[in-house]
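Thanks, everyone. Let me put the model up, and then we'll walk through it piece by piece.

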Amino acid sequence: MRTLLITGPGGTGRTTVAAATALTAAREGTRTLLLGTDRDDTLGAALGVPTGPEPTPVAPGLTAWRPDTAQGFRDALAALQDRAASALDLLGASRLDPDELTPLPGADDLALLRALREAALAEAHDLLVVDLPPAPRALALLAAPEELRRGLRRLLPPERQAARALRPVLGRLAGVPMPAEALYEAGARWDVELAAAEAVLADRNTTVRLVAEPGPAGADAVRATALGLALRGLRTDLLVANRVLPEDVPADSWLGGPLAQQRKTLEEWRGTYDVRAVAHLGRDPRGTDDLAALEVPGVNAAASPVEWPVTDRTAEDGVLVWHIPLPGAVREELDLVRRGDELVVAAGPFRRTVPLPSALRRCTVDGAALREGTLAVRFAPDPGLWPRGR
C-alpha cells in the first residue's frame, strides 16, 4: 500500500488539498483511505460528509476516518492501570476513572501514529492519504518514532534483560515486588509499536506532499519544511501551490500586489520543486463537486526515493564520503557531532541522531562540506580498526 502524507503551513488549505487528493485517487480507481487528524471535523466540512471514529464511505472507492484521540488515550491509560495493578495496590494508589481523564499534551500525536500503523497493517486499501497537522507539529510527529525508540534503547537496553532471572531473588530479599520485569515488558511492547510506525514512514512507498500559498511567508515555510523532511530522509512528491489567483486580475485592482508576489514565488519554486498550481475557487470548497473542481493531482508514483550514499574514495583521497542531501541548508546553521557509532546532524532548527553505516564506524571524521544542497562528510579509515589490505 502507498502512503501519502500531506502537510504545510497552517491556514493554507492543507485539509482541503488532502481531501481533493484522496478524491482524485479514488476516481482513478484506487481504493483510498483518508485519515484525518484534527479534533474538529474540518475534514468532514471539506468533504461535505461528517467524519468520525468509524470509517465513513464518502464516494466510490473513498473512505474517511478521523480517530477519536481522546477515547484512545482513555483506553490506553485504563489498560496501563490494569497492567500495573499490583504496583498501584502496593503503593495504596487509587485508580483513575476513564470518564475523568483528558488527553495529555502529545497524546493526539501518539494516537495518530497508532492509527497510521493500524491503517497500514490492515491492507484494506491501496492508498492511505494522511492529513497531517501543520508543518512544525508534523515534523515533530514524523520524528517521534525514531527518537522515542532511541530513547527507549538508552533507558532500557535489551542486553540488561539477561539478568531478569535474578529479579525474583532480589524481590524476596527486598520483601517487595520488583517492577523491573513489567518495565522491560512495557518497553518491549512500546518498541514494537513504534517500530511498526517507523516502518510505515521509512517505507519506499511513503511520500510527503507539501501545501502552501505562494508568497514570502509560504516560501519561508516551504524552505524550512523541506529541510526538516530531508533530514529525516523523507521524500516529497509535489509542492501544491494552493489558492492561486487568476492571471486576469486588473492591474489597478487591490489584488495586483498579491498576484505579483504569487508570480515571483511560483517562478522561484518551479526552479526547485515539482510544483502544481491549484486555483482559488473564490470560496471555501465544500463537498466532492468543489473538490473535483480544484483538479488536485493524484499520487506522483515517479517520485524518486531519498538516498544517503557512501562513496569510496580511499584510492584517490584516502577517505570515504557520506553524502546527505539537505536542500535549503545554510552553512552557518549546520553542526556535526560524532558520538560513538552515531552522527548528530543539526540543520537550522532541526536535529537528528543517525547511526553510522558499518564501514564508517571504523573511521574518524575528517571534515565536511556543503555544496549544492548536499552535505558531504569525509571519513578517514582508522588504521587500528580498518582491515588490512584495504
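Thr32 stands opposite Leu62 in β4. Strands here are DSSP runs of E with at least two residues, helices are runs of H or I with at least four, and both are numbered from the N terminus. Before going on, the ground rules: this is a predicted model, where local features need pLDDT of at least 70, side-chain atom pairs count only at pLDDT 80 or more, and totals for chains, interfaces and linings use all residues. Residues are numbered from 1 along each chain as its sequence is written, and side-chain values use heavy atoms, with hydrogens and water left out.

Back to β4. Strand β2 (residues 32-35) pairs with β4 in the parallel sense, over four bridges. Pairing requires that DSSP finds at least two bridges between the strands. Strand β3 (residues 56-59) runs antiparallel to β4, and three bridges join them. Here Ala59 has Leu62 as its bridge partner in β4. The β3 and β4 hairpin has two residues between the strands, and Gly61 takes a positive phi near 85° there.

Which way do the side chains of β4 (residues 62-65) point? Leu62 and Ala64 go one way, Thr63 and Trp65 the other, and all are buried. Buried means under 20% relative accessible area, exposed means over 50%, and partly exposed is in between, with a 1.4 Å probe and protein chains only.

Helix α1 covers residues 14-27. Its 14 residues should span 20 Å at 1.5 Å a residue, and the end C-alpha atoms are 20 Å apart, which agrees. The expected span is 1.5 Å times one less than the number of residues. Of those 14 residues, 13 are buried, so α1 is largely enclosed by the rest of the structure. Just after α1, Gly29 takes a positive phi of about 95°.

Is Gly10 buried or exposed? Exposed, with a relative accessible area of 53%.

Now the cores. A nonpolar core is a set of buried Ala, Val, Leu, Ile, Met, Phe, Trp, Tyr and Cys residues joined through side-chain atoms within 4.5 Å. The largest one has 55 residues. Val130, Leu132, Trp269, Trp322, Ile324 and Leu326 touch the most other members. Helix α5 (residues 107-122) gives this core its largest share, six residues. A second, separate core holds 25 residues, including Leu4, Leu47, Leu62 and Val129.

Take Ile324. Setting aside residues up to four places away in sequence, Ile324 touches Trp308, Val345, Gly373, Thr374, Leu375 and Val377. Contact means heavy atoms within 4.5 Å.

How many aromatic pairs are there? One. The rule pairs rings of Phe, Tyr and Trp (its six-membered ring) with centres within 6.5 Å; planes under 30 degrees apart count as stacked, over 60 as edge-to-face, the rest as tilted. Trp308 and Trp322 are edge-to-face, 5.9 Å centre to centre, with 65° between the planes. Trp308 sits in the loop between α11 (287-293) and β9 (310-313), and Trp322 in strand β10 (residues 319-325), so the pair ties together parts 14 residues apart in sequence. Both Trp308 and Trp322 are buried.

On to an open sheet. Three strands, order β11-β12-β13, antiparallel pairing. β11 (334-339) and β13 (350-355) stand at the edges with a single partner strand each, so one side of each has no neighbour in the sheet. Neighbouring strands are turned by 15° against each other on average, direction ignored. β11 and β12 (residues 342-347) pair over six bridges. Leu336 has Val345 in β12 as its bridge partner.

Helix α6 (residues 135-155) packs on this sheet, touching β11, β12 and β13, and its direction makes about 35° with that of β13. Helix α9 (residues 216-231) lies across β12 and β13, at about 15° to β13. Axes are lines fitted to C-alpha atoms, for helices over the stretch in contact, and angles run from 0 to 180 degrees between N-to-C directions.

Last stop, another hairpin. Strands β14 (residues 363-371) and β15 (residues 374-381) pair antiparallel over eight bridges. Gly367 stands opposite Arg378 in β15. Two residues separate the strands, and Glu372 takes a positive phi near 50°.
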